[in-house]
Amino acid sequence: MRPLDETETTAVFEKIFKFTGNNLKNIVENPSHEGPDSEPGRYCFRLNKNKVYYVSESLVKRATNIARTNLVSLGTCIGKFTHGGSFHLTVQCLSLLSSNAKHKVWLKPTSEMSFLYGNHVLKGGLGRITENIAPGDGVVVFSMSDVPLGFGVAAKSTQDCRKLDPNGIVVLHQADIGEYLRMEDEL
């Protein structure tokens with residue numbers, strides 16, 4: 001487990017910034033109350049076998065006693081680097097994104113299962129949507145009872161959604177909590 005280098009840090013922060021905007025500062029400066037220290041520590045990003053983890057510094061210090069080959073996971077896995085070098089967020093970062101999301105979409109109860117099976121969000125299943133969403137923005141998808149279901153990329157702006165037919169795609173699916181069941185062995 002090692003700290004991210006400059007290019008890796010840039011790739012990770014750009015991807016998270018797409019979903020959180022200026023709230024990225026809250027993620028980076030989040031105090032950690034883990035460990036024996038009376039002073040709160042910080043959270044940091046670490047890389048292990050092409051996976052990026054969000055972990056408290058206190059836990060990183062305690063994990064130095066474990067050999068790198070024996071260390072499987074530490075903290076919350078937020079994403080992974082592909083062989084091509086691009087960074088992809090995984091569903092495990094949903095709690096981090098949902099608490100700091102800039103753009104949100106709420107689904108009607110009838111379309112929640114469709115999204116949880118890996119389908120895109122259609123206009124007919126849209127319950128609410130935040131203002132000022134542009135195409136390509138990162139969007140966190142919630143149920144009407146504010147339970148985070150997943151995240152994706154906006155296909156249309158907020159203004160275009162109002163004129164869209166019910167079968168038009170509003171949010172392109174990237175990850176959802178149904179992956180915990182569908183891809184149990186890979187996570």
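Modeller: A definition to begin with: a salt bridge is a side-chain nitrogen of Lys or Arg within 4 Å of a carboxyl oxygen of Asp or Glu. This is a predicted model.

Biologist: How many salt bridges does a search of the whole structure find?

Modeller: The search finds two salt bridges. One joins the side chains of arginine 2 and glutamate 8, at 2.8 Å from N to O. The other is between glutamate 131 and arginine 162, whose closest N and O atoms are 2.8 Å apart.

Biologist: Where in the chain are glutamate 131 and arginine 162?

Modeller: They lie in distant parts of the chain, 31 residues apart. Glutamate 131 is in the loop between strand 9 (126-129) and strand 10, and arginine 162 is in helix 6 (residues 158-163). Glutamate 131 is partly exposed, with 44% relative accessibility. Arginine 162 is exposed, at 54%.

Biologist: And arginine 2 and glutamate 8, what are their relative accessibilities?

Modeller: Arginine 2 has a relative accessible area of 30%, so it is partly exposed. Glutamate 8 has 13% and counts as buried.

Biologist: Why would such side chains pair at all?

Modeller: Side chains of opposite charge can pair when their charged atoms come close.

Biologist: Changing topic. How many disulfides are there?

Modeller: The count is zero disulfides. A disulfide needs two cysteine sulfur atoms within 2.5 Å. The closest cysteine sulfur to that of cysteine 44 belongs to cysteine 77, and because the two are 14 Å apart, they are too far for a bond. Cysteine 93 is in no disulfide either: its nearest cysteine sulfur, also that of cysteine 77, is 8.6 Å away.

Biologist: Are cysteine 44 and cysteine 93 buried or exposed?

Modeller: Cysteine 44 is buried, with a relative accessible area of 9%. Cysteine 93 is buried too, at 1%.

Biologist: Next, the domains. What are their bounds?

Modeller: Domain 1 covers residues 2-92 and domain 2 covers 103-182. Their centres, taken over C-alpha atoms, are separated by 27 Å. Six residues from domain 1 and 15 residues from domain 2 take part in the contact.

Biologist: What area is buried between domain 1 and domain 2?

Modeller: About 730 Å², and carbon and sulfur atoms give 66% of that area. Of the area that domain 1 buries against domain 2, Lys18, Phe19 and Val91 supply 82%, more than any other three residues.

Biologist: How many salt bridges are there between domain 1 and domain 2?

Modeller: Zero salt bridges are counted between these two domains.

Biologist: Tell me about lysine 18, then. Where is it, and what does it touch?

Modeller: Lysine 18 is in helix 1 (residues 6-20). Its relative accessibility is 31%, so lysine 18 counts as partly exposed. Leaving out residues up to four places away in sequence, lysine 18 touches Gly136, Asp137, Gly138 and Val153.

Biologist: Now helix 5. Which of its residues are buried?

Modeller: Helix 5 spans residues 109-116, and its buried residues are Ser111, Phe115 and Leu116. They are on the same side of helix 5, because they cover an arc of only 145 degrees around the axis.

Biologist: Why can residues a few places apart point the same way?

Modeller: An α-helix has 3.6 residues a turn, so residues three or four places apart point the same way.

Biologist: What do the buried residues of helix 5 pack against?

Modeller: They pack against several strands, including strand 7 (104-107), strand 10 (138-143) and strand 12 (169-176), and against helix 7 (179-182). Just after helix 5, glycine 118 has a positive phi of about 100 degrees.

Biologist: Last one: serine 157. Where is it, and what is it in contact with?

Modeller: Serine 157 is in the loop between strand 11 and helix 6. Serine 157 counts as buried, with 9% relative accessibility. Apart from neighbours within four places in sequence, serine 157 is in contact with Ile133, Ala134 and Pro135.

Technical notes:
Residues numbered from 1 in each chain as written. Predicted model: local features only at pLDDT ≥ 70, side-chain atom pairs only at ≥ 80, totals over all residues. Heavy atoms only, no water. Buried < 20%, exposed > 50% of the residue type's maximum accessible area, 1.4 Å probe, protein only. Helix = DSSP H or I, 4+ residues; strand = E, 2+ residues; numbered from the N terminus. Arc of directions from axis to C-beta. Contact = heavy atoms within 4.5 Å. Domains from an automatic or database assignment. Buried area = accessible area lost by both parts, 1.4 Å probe.
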